[in-house]
Each structure stands twice: as structure tokens, then as C-alpha cells.
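Welcome! Please take a moment to look over the protein shown here, and then we will walk through it together.

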Amino acid sequence: MKKITLLLIVLLSVPFVHSQNSCTQALPITSAGTFVVDVINGAPTTVACFGSGTVTAAEWYAYTPTQNYTTTVTTDLAINICRDTRFQVYTGTCANLSCLTGDDDSGVIACNSGNNNSYLSTKTFNVTAGTTYYIAFENRYESTGFSFQIIETPVVVVPTGPVSFTNQTVNTIPTGGGLYNLCVVDMNGDYLDDVVSVSSTNITVNYQNTGGGFTAANYPTTAADFLPGWSIAAGDYNKDGYNDLLYGSGQGLTFMKSNGTGTGYTEDSPGQYIFCQRTNFIDINNDGQLDAFSCHDVDPNVYYLNDGDGTFTYYQSGTTPGAYSLGVSANGGNYGSIWIDYDNDRDMDLFIAKCGSVPPDELHRNNGNGTFSDISVEMNLYDAGQSWSSAWADYDNDGDMDVLVGASSGAHKLKRNNLDLTNSTEEPFTDVTAGSGWDTNTSTNIEHIGYDFDNDGFIDFMGGGNKIMYNQGDGTFVPFSYGFGVSAVGDLNNDGFLDFQSGSTIRLNSGNTNKWIKINLQGIASNRNGIGARVEIYGAFGKQIRDVRSGEGFKYMSTLNTHFGIGQATAITQVIIRWPSGIVDTINNPTVNQTLLVVEGSTLSTETFSSSDFTIYPIPTKGVLNIKSNMSITFETAQIYDLSGRKVLTTTVENDAVNVQTLSSGTYILTLKNTDGKEHSQKFIKE
């Protein structure tokens with residue numbers, strides 16, 4: 001939206017080039033450029049590589065590259081705004097065409113009439129010098145003229161990558177117009193990553209089987225008012241043990257709530273106008289319930305606070321009385337939100353990547369008292385430009401979150417966190433892009449993510465150019481090219497290595513001999529998914545950290561399971577989970593190459609438990625829990641949960657004590673709220 005005028009001038013200067021009307025008479029193309037389809041009236045395609053429906057005509061082009069490229073075919077151009085295109089790409093001969101790829105609605109340019117999506121097409125694929133690729137633009141939706149571009153990027157040839165990926169087609173994953181394949185997350189509570197496909201009136205889940213492969217299930221839904229044309233997020237906001245979904249569109253957002261058995265979903269579209277970009281589930285007010293956040297492209301950001309009964313209350317930053325300050329600029333431009341704990345104070349902060357210069361990127365510090373502060377300038381994160389998304393991870397394993405601010409155009413910025421907890425000063429991030437490999441990486445993209453793809457114990461990043469930038473452990477990154485770009489990430493064959501899903505294609509990680517561990521969380525006092533938890537592992541390799549997040553990059557939803565690679569280390573000495581509730585679970589000497597399920601509070605001592613916050617006694621108790629504050633904290637209210645996550649008692653704190661006499665015998669989680677609204681939790685046993 002910031003480049004329309006310039007691009008329009010360039011495209012209008014391109015002369016009309018008439019294509020031919022059949023495969024055998026296809027217009028030859030040998031180099032990158034912009035081309036104009038004046039009218040679609042040629043021989044139709046007979047095989048659809050992508051999409052479905054009636055096609056009665058097509059226009060044909062024969063693209064023969066002169067060298068190996070990563071090529072993009074796109075109509076996602078400003079001159080085509082509000083248009084609706086679809087194309088197929090074939091190899092072989094005209095007498096025997098073979099499907100390669102195609103696209104329908106992957107463009108991101110928004111229509112300027114009512115802020116609806118333009119239904120434009122874009123696809124990136126690798127091509128071989130001297131091979132002819134037949135590109136056919138169809139009249140499935142319209143047959144009048146439009147422009148398209150062919151963009152060629154030289155392939156970075158690397159003899160051997162740390163890992164390779166094998167494509168596997170899953171025929172039960174639906175594809176075609178009106179379908180969104182953007183989500184990889186566990187949907188049935190078994191902690192195996194599933195593939196989620198959504199349309200206006202249906203959710204299809206390809207459940208991962210314990211022995212490999214997938215089993216598909218289709219769930220009809222009432223019609224969604226808004227579809228995830230911009231982003232999707234997942235999380236169990238009603239605490240029934242099954243993940244719910246959040247769709248973000250150019251008009252508003254839609255909740256899809258599970259029915260308590262994971263076999264059906266109820267649509268809820270609150271109705272407020274939002275030009276949604278990135279959406280997230282996050283417990284903003286730390287009450288143990290997942291809230292929903294959405295970037296707003298043209299107005300201040302919005303969020304919905306979970307009322308705990310399946311309903312939400314709408315807030316807009318700077319507009320709704322009492323709203324948090326989470327991006328109040330009327331200029332909007334808010335694109336890529338991500339919730340992280342940058343300052344290790346165990347509450348979640350918000351970073352917003354932008355799509356322009358006014359205003360630049362923003363970091364909002366959670367002050368822990370119900371307020372947020374924009375500290376972008378003092379933290380050296382107030383950068384202007386087309387970032388769209390950022391990837392936050394501890395790439396140098398020093399115990400704090402660093403950031404790669406990606407570029408959808410322009411230059412990337414790698415910034416190191418200089419957190420020092422021995423003083424009260426806010427240390428600004430240092431720009432360490434120069435010499436890192438990101439300074440010479442000119443591939444741009446709207447999506448940037450960070451995971452350890454080769455399990456060597458260091459976070460890698462992925463953005464544009466169909467390549468993973470592998471972390472060398474010394475502050476530098478080396479690119480390895482693959483035949484695919486950023487998509488939803490998860491462990492889709494449960495082997496401890498991270499895979500990708502794009503459409504009906506699963507890209508399985510070949511793996512290597514590096515070791516790993518996965519930690520799955522079940523919250524009790526905290527939200528069910530443990531979103532916002534900090535997970536730490538320790539060993540001879542040092543320390544690694546992860547934050548559990550719903551919604552990274554720009555539009556995809558990836559696994560909620562926490563994944564670590566540890567290289568050739570053979571042992572992990574300790575795993576620590578710091579829950580949003582304040583509870584800390586510790587697991588000593590877990591076995592490597594395994595998945596570890598941690599229920600909140602399950603590893604706490606059952607003796608009198610003392611922390612920096614408070615002590616409770618006696619343990620076990622028969623009727624009254626006494627509270628001794630270690631930090632002059634005054635507690636007002638208490639909530640008690642059983643170990644299934646069900647709230648069993650809400651009461652007041654009187655005379656530094658809580659009466660639990662009505663509870664049955666068992667183990668419980670006590671959550672105390674102080675006068676500042678901050679929550680503190682411990683486990684106890686009732687006799």
C-alpha cells in the first residue's frame with residue numbers, strides 16, 4: 001500500500017504483449033519481466049494443478065529459463081488491484097502435460113474498495129535451465145486483461161545442507177479456492193501436531209496417527225463471517241482440552257470454538273470492523289484465560305479479553321475507556337504482532353512489525369501492573385520500513401530473546417538483546433547485522449520465523465528466497481536453499497525434527513544424528529496451552545530458552561509444542577517451566593530424544609513450599625492455609641484449581657489465611673492475587 005504509485009508508473013509503461021491461444025502456440029518467454037494478458041479466449045486447460053471449477057478458456061505462455069532459478073510468477077501487482085486471477089504451471093510436452101504447481105488466491109494486496117482482499121495469484125518454484133514450463137492463465141473467475149510478472153532469483157547452490165526435506169502428498173488435505181491451509185497444531189489433545197484446513201463452512205483436521213500418517217475428519221460449521229485471509233491463530237480459550245481457532249480477515253475476526261469433545265465448532269464473529277493482520281491468542285491480563293489480539297492495519301490495535309464464560313469483551317487501544325496502550329496510532333500499519341518476554345520478568349511484552357515508516361516498529365513493555373509502555377526508541381527498535389514480521393529467539397543462547405526484524409522490502413536487521421538483570425537500566429538492543437550473513441541476504445519476504453531445524457542447539461531463521469539461514473553458533477548464518485518457502489511448522493511424523501506443511505504437501509525433515517527433546521504443557525492455574533510460559537533447558541551445552549506463543553511470523557499458525565535440539569550432547573541436566581501463573585516446575589535429568597508432558601504444578605514439592613513471594617503452611621492442611629509474605633505483599637483474593645484445571649473455589653484472604661475446609665482430599669493449586677492485580681501460585685495438599 002506504500003508503493004502503489006511507483007509500481008503503477010512502471011507497469012503502465014509496459015507495452016501490450018499478446019499471448020497465443022493454445023499450448024502449442026504459447027508465447028515464448030526466456031527472461032524475467034512484466035507481461036500483459038489482454039483477454040483470455042484461448043484453449044482451456046484440461047487438468048487443474050491447483051483449484052477446481054469450470055474453465056472455458058485460457059491464455060498460454062512457454063517459459064524457458066536460461067539458467068537455474070527460483071522463479072516467481074505473480075499477478076499480485078498494484079495495477080491488478082481488486083482483480084481475481086488463477087494460473088496453472090505444467091512441465092512435459094503439449095501432448096502430455098504434467099502438473100507442476102499453480103495458484104489462486106495467495107496474493108496479499110488488499111482491494112481498495114471496502115478493504116476486501118484482492119484475489120490475486122502468486123507462486124514461487126525452482127526451475128531448471130533449458131526446461132520449458134507452460135503457464136496457463138484461466139478464465140475461472142474473469143477473462144479481461146491484467147498484468148503478470150516473472151521474477152527470477154539465482155539459486156544458491158550448496159552441496160550439502162545440515163538436513164534435507166522430502167515431499168509427501170497427503171491426499172486428504174483439501175486444496176482449492178476458498179480453502180486456507182495455514183495451521184499445524186494439535187487439535188485432539190494427544191500433543192501430536194495435526195494439519196488444519198478451513199473454509200467458510202467447514203474445518204478439516206488431518207489428525208496425525210501415533211504410528212505415522214494421518215486420518216482426516218470433516219466438521220461442518222455455521223458460516224464464518226470472516227475467513228483467515230490474513231492470519232490464523234489457535235489456542236484452547238474455553239479450557240475444554242481442545243484447541244479453538246481465530247480467523248483474521250480484512251473486515252473483522254471470527255472465533256471457532258470447540259464443542260468440548262473436539263468433534264464440532266461454533267462460529268462467533270463479534271462484528272467490530274478490523275482490518276486484521278497478525279492475530280494471536282495470549283493471556284494479556286494474566287488471569288489464566290486466553291485473550292485474543294489483532295493488529296489493525298488502518299486504526300489502533302484491538303483485543304478481546306476473555307470473560308471466562310466463553311464470551312469476550314472488545315477493546316481498542318486509545319479508544320475504549322480502560323484499554324491497554326498496545327499501538328494507538330491512527331495511521332495503523334500494524335502487521336506482525338508477536339508476544340515475547342524480552343526482559344525476563346515473566347510477563348509478556350508485545351512487538352509489532354510494521355508495513356511502513358509512520359509509525360516505525362514498536363516494542364510495548366508489560367509493566368506488570370496492568371499497563372504497557374512504548375519503549376521502542378530507547379531499546380533501539382524504532383525502525384522504519386517494510387518489515388511485516390519479526391522472529392524472536394535466543395539465537396546466541398545467552399538467556400534472553402534477540403530479534404531478527406525481517407524485511408518484505410529493503411534490508412533485514414539482526415539485533416542482539418543486551419539484558420543485564422544486575423541493574424534497573426533498560427539496555428538497548430545492538431544492531432549486529434553487519435557480518436552476520438543477514439547483511440548480504442537480499443531475499444525478502446513477509447514471513448520470518450525462528451526454529452532449530454537441524455537440532456544442533458542453535459536457532460535458525462527462515463524468510464525469503466526459499467532458504468533456511470542456519471545458525472553457525474558464532475553469530476553468523478549460512479543460507480541453504482530448498483524448493484519451498486515459509487509455511488506452517490510442526491513435527492508431522494513425531495521424530496523430533498521439525499517439518500513444514502504447505503497445501504497438500506508435507507515436507508518431512510530427513511533429520512540427522514543430533515539429539516532433541518520436546519516439552520508439551522498442560523496449564524492448570526495458567527491457560528491450558530501454557531501460552532506465555534518460559535521453558536528452559538540446561539546441560540553441558542549451557543542454557544536454551546523458548547517462549548510458548550500462538551501466532552508467529554505474519555499469517556501461519558505453527559506448533560504449540562516446545563522443541564529443542566541439543567546437538568551431540570547426550571544428557572539434559574534440568575528442564576524448568578516458568579508458568580504465567582508464577583508456578584515453576586522443575587524436571588531433573590530427563591531422557592533425551594523423548595517428548596515430555598508437564599502438567600502445571602506437578603513437580604512442586606509437597607512439603608512446605610517457600611519462594612521469593614510467600615510461604616504457605618501447614619502442608620498437608622486439614623482446613624486453613626496460612627500465608628506468610630516474604631516481600632511485604634498484601635493478598636486479597638484466592639482461587640483454587642484441581643489438577644485437571646477446573647476452578648473449585650474462589651474466596652477472600654482474611655487475616656493472611658485461606659479457608660479450604662470444604663475441599664475434598666487431594667492436591668490443588670492455590671493462586672493468590674495481590675492489591676496490584678499480580679498473581680502468585682503454589683501447590684498444596686488437602687487432607
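## Hidden spaces

How many cavities of 30 Å³ or more does the structure hold? There are 3. A cavity here is a set of points, on a 1 Å grid over the protein atoms alone, where a 1.4 Å probe fits but cannot get out, and its lining residues have an atom within 4 Å of a point. Points are joined across faces, edges and corners, and a volume is the space filled by probe spheres set on the points.

The largest cavity has a volume of about 250 Å³. Its lining is made of 20 residues, and Tyr451, Arg546, Asp547, Arg549 and Glu552 lie nearest its centre. Strands S28 (390-393), S32 (449-451), S41 (542-547) and S42 each give two or more residues to this lining, and the largest share, 3 residues, comes from S41. Strands are DSSP runs of E with at least two residues, numbered from the N terminus.

## About the model

This is a predicted model, in which local features need pLDDT of at least 70 and side-chain atom pairs count only at pLDDT 80 or more, while totals for chains, interfaces and linings use all residues. Residues are numbered from 1 along each chain as its sequence is written, and side-chain values use heavy atoms, with hydrogens and water left out.

## The nonpolar cores

In soluble globular proteins, nonpolar side chains tend to be buried together. A nonpolar core is a set of buried Ala, Val, Leu, Ile, Met, Phe, Trp, Tyr and Cys residues joined through side-chain atoms within 4.5 Å. The largest one has 98 residues, and Leu245, Phe453, Ile519 and Ile577 have the most contacts inside it. Strand S11 (residues 180-185) gives this core its largest share, 5 residues. Apart from it lies another core, of 20 residues, including Leu27, Val37, Val73 and Ile135.

## Buried or exposed?

Valine 489 lies in strand S36 (residues 488-490). This valine has a relative accessible area of 0%, so it is buried. The word buried means under 20% relative accessible area, exposed means over 50%, and partly exposed is in between (1.4 Å probe, protein chains only). Leaving aside neighbours within four places in sequence, valine 489 is in contact (heavy atoms within 4.5 Å) with residues including Tyr451, Phe453 and Phe500.

Now look at serine 632, in the loop between strand S48 (624-629) and strand S49 (635-642). Its relative accessibility is 73%, so serine 632 counts as exposed.

## A covered strand

Strand S20 (residues 291-296) has 6 of its 6 residues buried. In a regular strand the side chains alternate between the two faces of the sheet. In S20, Asp291, Phe293 and Cys295 are on one side, Ala292, Ser294 and His296 are on the other, and all are buried.

Two strands pair if DSSP finds at least two bridges between them. Strand S19 (residues 276-282) runs antiparallel to S20, joined by 5 bridges, and 3 bridges join S20 to the antiparallel strand S21 (residues 302-306). Serine 294 is the bridge partner of threonine 279, and valine 302 in S21 is a bridge partner of serine 294. A hairpin connects S20 to S21 through 5 residues.

Strand S39 (residues 515-522) runs parallel to S45, with 6 bridges joining them.

Key:
Helices (H or I, at least four residues) and strands (E, at least two) are DSSP runs, numbered from the N terminus. On a 1 Å grid over the protein atoms alone, a cavity is a set of points where a 1.4 Å probe fits but cannot get out, and a pocket is an open set with protein on both sides within 12 Å along at least five of seven lines; lining residues have an atom within 4 Å of a point.
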